[in-house]
Amino acid sequence: MNDYTLTIRSYEKKGVLDDITDIITEHGANISYVHLFIEKNNMGSINLELEHVEDIDELVADLESISEIKSVELHGSQLDIYGKRIIIVGGGAQVSQVAMGAITEADRHNIRGERISIDTIPLVGENDLAEAVEAISRLPRVSALVLAGSLMGGEITEAVKKVKKESNLIVICLNMPGSVTEYADLIITDPIQAGVLAVMSIADTAVFDIKRLGKNIKY
């Protein structure tokens with residue numbers, strides 16, 4: 001069994017999505033991610049990440065038999081293409097330095113077969129940062145979060161507690177005032193090193209195991 005991504009373009013009509021999911025269910029596949037949007041001329045596009053697909057050719061043929069579907073495109077899974085994902089949030093200067101370390105280290109592992117991608121968003125303000133952290137639980141493929149700022153606590157801490165409870169997300173933060181450091185897996189003073197260790201903590205090609213360091217370690 002394999003994982004695939006399907007891009008389905010269909011006419012916008014009530015019940016089409018039900019027909020698609022029924023066929024996928026009949027084939028025993030699981031939908032791990034879906035993104036749907038409406039194009040021009042009453043056309044809709046559906047991107048589906050599928051797991052445990054036994055016969056992809058038969059599945060595509062059954063989907064194409066739906067009269068409202070115009071085309072079905074087959075792609076490799078996003079996990080195979082973009083791999084694991086690191087999110088870096090916080091102040092612009094700190095984010096850029098963490099990203100520098102993360103991208104440099106990711107390149108070292110990616111040339112050996114890894115697929116690690118780095119996403120950044122410079123943000124200021126407790127509410128905006130808390131919303132960004134909380135939304136990570138709704139993003140696909142995220143393996144690690146780096147909090148790159150000068151002061152974080154309050155609602156940001158609550159958001160970190162929530163996402164850690166809901167997932168196996170690794171949280172690394174810079175050494176800073178605020179209660180968020182109490183819930184990070186690793187606290188790093190140097191932002192470039194924080195980016196490097198974020199990559200090492202999720203790379204299969206690295207020998208570094210963050211769990212062996214103990215809880216809430218500062219460097």
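The following dialogue walks through a few features of this predicted model.

Visitor: What should I know about the model before reading it?

Guide: It is a predicted model in which local features need pLDDT of at least 70 and side-chain atom pairs count only at pLDDT 80 or more, while totals for chains, interfaces and linings use all residues. Residues are numbered from 1 along each chain as its sequence is written, and side-chain values use heavy atoms, with hydrogens and water left out.

Visitor: How many helices and strands does the protein chain have?

Guide: Helices (H or I, at least four residues) and strands (E, at least two) are DSSP runs, numbered from the N terminus. The protein chain has 7 helices and 10 strands. Its C-alpha trace spans about 60 × 40 × 25 Å along the principal axes.

Visitor: How is a pair of packed helices described?

Guide: By the angle between their axes and the distance between the axes. Axes are lines fitted to C-alpha atoms, for helices over the stretch in contact, and angles run from 0 to 180 degrees between N-to-C directions. Angles under 35 degrees count as roughly parallel, over 145 as roughly antiparallel, 65 to 115 as roughly perpendicular and the rest as oblique.

Visitor: At what angle do helix 5 and helix 6 cross?

Guide: The axes of helix 5 (residues 126–135) and helix 6 (residues 155–166) cross at roughly 5 degrees and come within 8 Å. Helix 5 is therefore roughly parallel to helix 6. Contact means heavy atoms within 4.5 Å; among the residues making it are L129 and V133 of helix 5 and I156 and V163 of helix 6.

Visitor: And at what angle do helix 1 and helix 2 cross?

Guide: Helix 1 (residues 16–26) and helix 2 (residues 56–64) have axes that cross at roughly 155 degrees and come within 10 Å. These two helices are therefore roughly antiparallel. From helix 1, I20, I23 and I24 meet L59, D62 and L63 in helix 2.

Visitor: Is T181 buried or exposed?

Guide: Buried means under 20% relative accessible area, exposed over 50%, and partly exposed in between (1.4 Å probe, protein chains only). T181 has 10% relative accessibility, so it counts as buried. T181 lies in the loop between strand 8 (170–174) and strand 9 (186–188). A polar atom of the T181 side chain is 3.2 Å from the backbone oxygen of G178.

Visitor: What share of the protein chain is buried?

Guide: Of the 219 residues in the protein chain, 45% are buried.

Note on methods. Polar contact = N/O pair within 3.5 Å; in protein donor to acceptor, adjacent residues only side chain to side chain.
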